[in-house]
Amino acid sequence: MSTSDDPFDADRALVRSGCACGRHRSTAEHAHAARTLRCEPVADLSEQKRYEGIVASAVMRAVFPQDVARRAFLKSVGAATALAALSQFFPLKTATEAYADAGPPEKRDLKVGFIPITCATPIIMAAPLGFYARQGLNVEVVKTAGWAVIRDKTINKEYDAAHMLAPMPIAISLGLGANAIPFTVPAIENINGQGITLAIKHKDRRDPKDWKGMKFAIPFDYSMHNYLLRYYLAEHGLDPDTDVQLRSVPPPEMVANLRADNIDGFLAPDNICQRAIYDGVGFLHILSKEIWDGHPCCSFAASREFIATAPNSFAALTRAIVDATGFAAKAENRKQIAEAIAPANYINAPVTVLEQVLTGTYADGLGGVKTDPKRVDFDPFPWQSFAVWMLTQMKRWGQIKGDVDYKAVAEQVYLATDTKKVMAEMGLAPPTSSYKSFSVMGKTFDPAKPDDYLASFKIRKSS
């Protein structure tokens with residue numbers, strides 16, 4: 001159940017459900033609206049009502065652990081009676097005020113760096129849509145040119161926190177590419193939301209086995225894009241270190257490089273893929289979710305030192321990001337978000353391009369229109385199994401030499417325990433475990449056996 005769902009609706013389950021567009025409570029409602037051409041978004045709630053809903057959701061979860069019992073109770077007594085009964089033994093009003101007025105931040109004026117891509121949606125939109133202000137923060141979100149710059153500015157404390165690629169805080173903590181400094185990931189920014197885009201001239205060259213000699217751009221060495229593209233190529237029999245060229249190119253420069261024929265394609269974040277299509281220089285070969293559905297991409301990151309010196313500010317930032325991520329996860333909010341993050345001081349992209357990415361109905365660059373509501377999604381939970389998988393790929397491709405304590409590193413950097421606490425306080429339902437298995441191109445990853453997984457790959461760095 002998300003932060004905005006009505007806990008007193010007997011017809012709605014305490015899990016995310018609904019129609020494909022996300023604006024209706026059922027497929028039947030969606031079909032009816034579509035027939036009448038009235039697919040209207042639900043009305044927005046006032047801030048007070050939203051906080052009331054968050055607190056009430058948490059209480060209803062505690063009172064009715066089984067959703068069947070909650071729905072049966074509501075159907076038998078009605079929502080108004082249920083709310084009155086609940087208020088008699090639990091101070092909903094006081095709890096709502098306490099939630100909305102959590103401890104004062106030590107530092108209210110903060111700078112948070114970001115790269116202008118849709119992966120940073122929660123970090124960016126939290127400024128114009130007021131999520132930081134609701135936590136008592138005055139946050140300046142600062143557009144930054146590239147990943148090395150954002151890393152260095154965060155390490156040098158020009159930024160208090162930053163949008164980083166999900167593997168970057170692991171690399172920084174291990175001293176890969178920079179001096180070792182303990183960094184953390186309190187929240188994942190987005191899942192899915194990337195794609196392999198090829199130059200139009202390669203529209204008849206769709207079999208990766210035919211890509212020998214081609215040049216591909218990735219945003220950064222320590223990126224999911226690097227690991228996913230290498231994985232995809234290797235599964236098709238190509239050695240990414242010898243059969244193709246991989247170049248690190250800042251996302252805002254990728255389309256220009258494709259247009260100039262400096263590269264043949266890229267595995268890049270959106271909105272970069274869709275911008276190449278919009279400009280007529282590329283087409284979408286596959287979405288990254290076709291490699292690993294549900295993969296993490298970017299993260300919200302901060303140093304351990306910032307957490308230690310400004311714990312309330314860090315907690316307020318985390319609440320704002322988790323809240324914004326929950327808002328972004330709702331399909332009915334995506335068009336509003338596209339307009340909010342489009343201006344030049346944020347992503348600086350046509351609203352049309354951002355809507356195609358965020359709504360999942362998009363031109364593919366080959367004359368077709370496709371629909372995939374999960375092209376990009378937003379889920380803040382920092383699964384520690386994600387970190388373990390990234391560490392296997394760092395070892396596979398020679399970024400880590402020797403042994404690594406997967407579990408210790410994952411739990412030091414990915415703050416799942418802290419995020420569970422924040423999510424529970426916000427009425428969300430964090431997972432009970434911080435580890436899970438998943439499948440990447442049909443191969444199951446068991447986070448309890450990372451070395452077995454690593455040993456299963458035939459193509460890897462030789463030393």
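In the predicted model, Ile170 belongs to helix α9, which spans residues 168–174. The relative accessibility of Ile170 is 0%, and because buried residues are those under 20%, Ile170 counts as buried. When residues up to four places away in sequence are not counted, Ile170 touches Ala387, Met390, Leu391 and Met394, together with Val409, Val413 and Tyr414. The C-alpha atom of Ile170 is also separated by 8.6 Å from that of Pro182, a residue 12 positions apart from Ile170 along the chain.

The protein chain as a whole has a secondary structure of 20 helices and 16 strands. Of the 463 residues in this chain, 55% are buried. Where contacts between residues at least 6 apart in sequence are considered, 75% of them join residues that are at least 24 apart.

Two helix pairs that share helix α17 were then examined. Packed helices of this kind are described by the angle between their axes and by the distance between the axes. Helix α17 comprises residues 384–396, and its axis comes within 11 Å of the axis of helix α10, residues 224–235, the two crossing at roughly 65°. Because angles of 65 to 115 degrees count as roughly perpendicular, α10 and α17 are described as roughly perpendicular to each other. The crossing of these two helices, α10 and α17, is left-handed. On the side of α10 the contact is made by Met224, Tyr227, Leu228, Tyr231 and Ala234, while α17 contributes Trp389, Met390, Gln393, Met394 and Arg396.

The crossing of α17 and α18 is right-handed. The residues of α17 that make the contact are Gln384, Ala387, Val388, Leu391, Thr392 and Lys395, and those of α18 are Tyr406, Val409, Ala410 and Glu411. In the contact of α17 with α18, six residues are nonpolar, two are polar and two are charged.

With neighbours within four places in sequence left aside, the contacts of Tyr435 are Trp383, Gln384, Ser385, Val388, Lys407, Ala410, Glu411 and Pro447. With one of these residues, Glu411, the side chain of Tyr435 forms a side-chain to side-chain polar contact of 2.6 Å. Another of them, Trp383, is 52 residues apart from Tyr435 along the chain, yet the C-alpha atoms of the two are separated by 6.0 Å.

Thr154 was examined as a further individual position, and this residue is found in helix α8, which covers residues 147–155. With a relative accessible area of 5%, Thr154 is buried. The side chain of Thr154 reaches the backbone oxygen of Ile150 at a distance of 2.6 Å. Apart from neighbours within four places in sequence, the residues in contact with Thr154 are Tyr159, Ala162, Met164 and Phe183.

Finally, several features of the backbone were noted, each involving an asparagine. Asn192, which is found in strand β5 (residues 191–192), has a positive phi of about 60° although it is not a glycine. Asn192 is buried, its relative accessible area being 2%. A positive phi, near 60°, is likewise found at Asn348, which is also a residue other than glycine. Asn348 lies in the loop between α15 (334–341) and α16 (351–359), and with a relative accessible area of 49% Asn348 is partly exposed. The remaining feature is a cis peptide bond that joins Asp270 and Asn271, with an omega of about 15°. Of the two residues, Asn271 is found in the loop between β9 (265–269) and α12 (272–278).

Terms used
Residues numbered from 1 in each chain as written. Predicted model: local features only at pLDDT ≥ 70, side-chain atom pairs only at ≥ 80, totals over all residues. Heavy atoms only, no water. Helix = DSSP H or I, 4+ residues; strand = E, 2+ residues; numbered from the N terminus. Buried < 20%, exposed > 50% of the residue type's maximum accessible area, 1.4 Å probe, protein only. Polar contact = N/O pair within 3.5 Å; in protein donor to acceptor, adjacent residues only side chain to side chain. Contact = heavy atoms within 4.5 Å. Axes fitted to C-alpha atoms, helices over the stretch in contact; angles between N-to-C directions. Parallel < 35°, antiparallel > 145°, perpendicular 65-115°, else oblique. Left-handed = near helix turned anticlockwise from the far one by under 90°. Nonpolar A, V, L, I, M, F, W, Y, C, P; charged D, E, K, R; others polar.
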